[in-house]
Amino acid sequence: MFRLCSLLSILMAPVAPAVAETLSGPIRVVDADTIDIGAPETIRLLAIDAAEGDQTCTDGAGAVLPCGAMATEAARSLYEGRFARCTVLRRDRYGRSLATCFVDGEDMNADLVRRGIARVYRSDATYFEEQKEAILLSRGLWAYDMVDPAQFRAQGRAAVQRVDGCAIKGNISANGRLYHVPGSHSYGRTRINTAKGERWFCTEAEARAAGWRAAR
């Protein structure tokens with residue numbers, strides 16, 4: 001009986017939370033939600049999400065802007081070379097450390113969201129108030145029309161689910177129906193959204209016959 005009670009006591013005892021790991025070092029900005037501070041793995045800033053490197057957005061006049069690159073440069077101008085102290089809570093499936101980082105006592109994650117350089121990650125509410133402020137004041141990338149980074153990545157994954165050999169992208173934009181062949185200037189950053197009527201073609205002749213024209 002004593003052994004049974006002892007076993008039950010052990011099983012019912014509260015589990016101590018894992019001890020958070022603290023890493024520190026000078027920042028090298030990889031992109032607006034990922035940094036390198038000299039640790040074995042890069043650090044993914046917890047609870048925030050940034051535009052992908054090849055992601056674009058449009059301004060009020062319809063001009064296409066490289067918002068992914070703009071976000072990275074904005075984060076770099078603010079934090080490159082500064083000293084960060086990061087609390088790592090867990091790791092993602094890519095092996096990156098998920099952390100909240102502080103620079104001069106300020107929450108870097110929150111600051112990037114407040115400035116509109118990054119967004120909250122999916123439905124994570126940690127920095128929801130900072131994002132509300134950025135949206136209200138049209139700060140950073142909130143001044144432009146841009147799909148959520150998670151949606152952009154999902155579109156990219158869907159794009160690769162195409163018929164083998166049919167790699168020509170039929171895109172619909174302000175310039176009309178354009179097709180992009182592999183290796184062309186805009187091919188890599190062009191995303192196909194079949195819900196908008198965009199599609200894949202196997203040959204240029206097929207694309208032209210369907211009413212698309214070659215992108216410059």
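Two strands pair if DSSP finds at least two bridges between them. Strands (E, at least two residues) and helices (H or I, at least four) are DSSP runs, numbered from the N terminus. This is a predicted model: local features need pLDDT of at least 70, side-chain atom pairs count only at pLDDT 80 or more, and totals for chains, interfaces and linings use all residues. Residues are numbered from 1 along each chain as its sequence is written, and side-chain values use heavy atoms, with hydrogens and water left out.

**View 1. Strand E8 pairs with E1 and with E9.** E1 (residues 21–26) runs antiparallel to E8 over 6 bridges. Ser24 stands opposite Arg85 in E8. E8 and E9 are also antiparallel, over 6 bridges. There, Arg91 faces Ser97 in E9. The E8–E9 hairpin has 5 residues between its strands, and Gly95 in the turn has a positive phi of about 85°.

**View 2. Helix H2 spans residues 67–79.** Its buried residues (under 20% relative accessible area, 1.4 Å probe, protein chains only) are Cys67, Gly68, Ala71, Thr72, Ala75 and Tyr79. They fall within an arc of 145° seen down the axis, so they line one face of the helix. They pack against elements including strand E9 (97–103) and helix H3 (108–114). Just after H2, Gly81 takes a positive phi of about 85°.

**View 3. The largest nonpolar core has 36 residues.** Such a core is a set of buried Ala, Val, Leu, Ile, Met, Phe, Trp, Tyr and Cys residues joined through side-chain atoms within 4.5 Å. Ile27, Ile35, Ile43, Met108 and Leu112 touch the most other members. Strand E4 (43–45), H2, strand E8 (83–91), E9 and H3 each give two or more residues.

Key. The expected span of a helix is 1.5 Å times one less than its number of residues. Buried means under 20% relative accessible area, exposed over 50%, partly exposed in between (1.4 Å probe, protein chains only). The arc is that of the directions from the helix axis to the C-beta atoms. Contact means heavy atoms within 4.5 Å.
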